[in-house]
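Welcome! Let's take a walk through this model together, with its rings as our guide.

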Amino acid sequence: MYSHGSESLIKQAREIQESELQKFYSRLVKLLQGKEPCHETVDSLQRLHLILSATKYTRKLPAELQERVVSLLSSPAEPLQVLSSAVLRETLPLSGQELNYNQENISQLNTHAAALLLSQAGSRADLSSLCAQLLRSLESRQSEGPAHSLTHTLPILNTILTLSPECLTEDHVTLLSKKFVDWLRYASITQGGCASSGGFFKGPRSRQPVPIAELDGTVSGDFFTVLCVGQGFTDDQWMNVYSFSMLRHWLLTYHSVSNINSTADTDDRSEVDGSVVSMVSATSSSSRLLPPKERLREKAFQYCLRLIEQSDRKAHKRTDTDLQKACLVEAVCILDCVCVEDASLVYRTFPCIKALFGRLSSDLSFARVLLPIAQFYLNHGEMAAVDCESVWKLVFGRFPAELFNDHFLAHELLRFLRQNLESLLLRVPQYMHSFPNLLKLLAWDSPAVVDDFVDLLPSLVTAGTAVELLHTLLDLPCLSATLVLQLRSTSMPISEPGGHLSLDAFRNPSYRGLFLFLLRGEAGTGDTIDRLSMLHELLAEVADWPRVVQCAQTVPVLLHIFFNTVITVADEKLLAHLTLVMLERSSLLLNIPKYITEIHRVFSCHLLRLCKLHPSLVVDQSHELLEFAGATANVYSKEEIYTHVVWVLGEYLSVSCDARCSVRLTTSCFEALEAVLFEITSSAPPPGALCPAPRVVTTLMSALAKLASRSHDLIPRVSLFFSKLRTVTRGGSVAWCTDEEDLVAIVTRSEELWSLLKVPGVAQSVLTPPPHVTTPQWHRDTNVAMPLRLRALTSLTHSQ
């Protein structure tokens with residue numbers, strides 16, 4: 001929210017009158033006519049920007065003021081450049097004449113003017129025209145204008161390439177490729193702006209060129225790269241740095257450039273007509289005879305190999321060490337790009353990449369460098385016939401296990417997995433069994449990475465991993481707490497008391513096995529923990545930690561994705577096993593109340609879905625389902641899932657669903673549900689428990705009525721219960737239902753069921769209608785007259 005003072009200024013800016021505004025414009029024009037802008041000019045420009053941006057309407061400045069503001073774009077004072085650019089962004093799109101940077105004044109272009117040009121471009125033709133002007137400026141010799149303007153040209157071209165690569169023609173691609181070759185490979189090897197060595201003679205004649213140096217201080221004996229250092233840099237060296245910074249983007253994007261109206265020659269003549277440096281490059285390498293794109297790939301290859309060699313030098317400064325790592329990442333990515341384009345380079349590149357991996361793999365501080373190396377192995381390892389197992393052990397083993405709390409690495413690793421998911425599934429078997437390790441990233445920082453796992457989780461669900469993965473997802477809050485305890489345990493001396501029972505338990509050898517199972521790196525060592533309830537007791541103290549609670553909030557989302565995927569890969573045997581897991585784990589969850597409630601809701605939803613797809617599951621798992629439904633305690637502690645288990649038993653325990661459903665099985669199910677219903681409606685709930693939900697009671701009654709309609713011998717028993725229920729409730733409120741409206745609803749439902757059971761044939765057709773009655777639903781079928789009749793009756797009964 002804005003402060004009171006800010007809101008007052010914005011209100012004044014919005015309510016300014018047109019006459020006052022015109023006076024302000026005139027005063028500002030007079031201020032801008034001065035040769036030297038004063039402090040008042042800056043304040044007036046800031047006020048103008050506030051006036052223009054405070055309203056939703058786009059204003060148009062007077063022509064003279066617009067011209068003055070445009071002229072400030074080329075001011076030597078950067079604050080004026082920023083303000084003028086901001087002001088012009090709030091005005092109507094310029095006509096094109098005010099900012100028409102042609103060949104003569106292209107040298108005046110700066111970052112802020114360029115950003116304004118791009119924002120004001122109204123069509124692809126405008127971008128193409130600007131792109132052509134910028135490229136013509138690259139063709140001019142450096143002596144014809146300020147060379148520093150080129151440093152603004154490449155970022156602008158890079159932006160255009162990102163927004164609309166089709167604005168460049170094949171001619172443009174050829175030109176830029178040739179220029180990149182010059183800037184990357186043939187930059188000066190002497191320092192720019194060298195200071196005098198001192199002494200009596202300090203004039204320009206005494207200044208001798210000083211060669212560039214490496215990061216370890218030695219004199220460089222090869223061509224200039226971004227990892228060379230010196231007291232100052234020449235313009236072509238700066239272009240070397242700019243070129244390297246956008247080289248990968250160029251290699252990935254120039255394929256999108258249109259080939260229409262291409263008039264480029266394939267001969268390589270840029271080296272003799274582009275710049276003085278190009279004249280040297282024309283005779284310095286036999287590769288000059290290659291086409292421009294191929295030559296650029298060759299020079300990019302040489303440049304990256306030199307960077308990898310330079311990265312092995314011991315840098316004197318910490319910042320230079322970080323620069324080496326950043327350049328290594330970019331160099332490996334560029335080598336991957338050029339090898340994708342030209343497979344023949346794979347065999348020349350792999351020895352260098354393999355040696356680099358061997359040098360860095362033992363140092364996890366280079367983890368973000370090792371990921372591009374893993375990408376290179378994934379893309380080209382099969383062609384080069386190299387063993388990649390050590391790479392995947394590092395990526396799927398040590399990275400998530402030891403660096404799970406590195407946010408940047410987690411982002412890079414998950415992006416790597418998402419971008420290469422198909423290749424990983426085909427070529428890397430370790431990926432499928434690494435989910436206990438990968439889920440550590442989710443357990444540590446759930447809000448930041450949950451979107452990544454929403455995309456990745458379906459690929460981890462297979463018939464072989466489904467059961468263990470389900471247990472692992474349910475134990476994610478426990479894993480989150482364990483990771484926190486692990487870090488605290490390493491940061492606090494063992495002799496120092498932990499202050500937490502959970503931390504003491506983590507250090508206790510008796511419980512070490514429980515925590516080690518949660519921290520396992522690969523799947524296949526077991527489905528779950530035998531002493532899971534004990535683990536939950538040990539972690540009860542940390543269940544309310546924010547990190548643990550955040551992790552628990554993501555589990556229901558992932559469970560929905562898991563079940564939606566597992567029904568596409570599992571057979572009935574596996575689905576039956578998962579049904580048992582849901583029943584078992586409904587009482588074995590970390591004690592976070594909202595978490596338990598949400599998990600029960602997810603289990604209920606997908607239990608119905610599984611049984612609807614495979615009704616025979618109810619008969620296959622009838623013993624376990626009856627055991628769950630026959631436990632009265634579940635009525636009070638697991639209302640959601642208990643209600644759905646009872647509904648499933650009443651709906652699908654039928655001969656029409658499975659021929660194995662015998663009278664004996666129906667009777668045993670009836671007796672179990674009858675006992676529970678009688679118990680909860682004949683006594684008050686246990687101390688500390690709420691009254692049974694009306695939905696549970698009505699679901700039990702409906703299930704008993706359905707079972708009785710299929711076995712008529714049971715009808716007298718359920719009818720007797722319904723009659724007793726009506727008699728008991730006539731005396732007023734009862735102990736098991738304190739709400740009068742709920743009690744009325746329960747009694748009404750019992751009377752409806754009682755009336756149906758008086759006619760057993762009708763009861764069975766109503767309570768358990770055959771499939772041809774419910775599917776298709778005739779009142780929705782547009783091929784029959786029923787929908788028309790229903791609509792006609794509806795229009796007659798509803799008041800207009």
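What follows looks at aromatic pairs and at charges over rings.

This is a predicted model, where local features need pLDDT of at least 70, side-chain atom pairs count only at pLDDT 80 or more, and totals for chains, interfaces and linings use all residues. Residues are numbered from 1 along each chain as its sequence is written, and side-chain values use heavy atoms, leaving out hydrogens and water.

Rings of Phe, Tyr and Trp (its six-membered ring) pair if their centres lie within 6.5 Å; planes under 30 degrees apart are stacked, over 60 edge-to-face, and the rest tilted. By this rule there are 19 aromatic pairs. In one of them, the ring centres of Phe-350 and Phe-376 are 5.2 Å apart and the planes stand at 70 degrees, so the pair is edge-to-face. Because Phe-350 belongs to helix α15 (residues 346-360) and Phe-376 to helix α16 (residues 367-384), the pair ties together parts 26 residues apart in sequence; helices are DSSP runs of H or I with at least four residues, numbered from the N terminus. Both Phe-350 and Phe-376 are buried, meaning under 20% relative accessible area with a 1.4 Å probe, protein chains only. Phe-350 and Phe-376 also form one aromatic cluster with Phe-357 and Tyr-377.

Now for charges: one sits over a ring if NZ of Lys or CZ of Arg is within 6 Å of the ring centre and within 35 degrees of the ring normal. The charged end of Arg-306 is placed this way over Phe-223, 5.5 Å from the ring centre. Likewise, Arg-512 lies over the face of Phe-506, at 4.7 Å from the ring centre.

Notes:
Helices (H or I, at least four residues) and strands (E, at least two) are DSSP runs, numbered from the N terminus. Buried means under 20% relative accessible area, exposed over 50%, partly exposed in between (1.4 Å probe, protein chains only).
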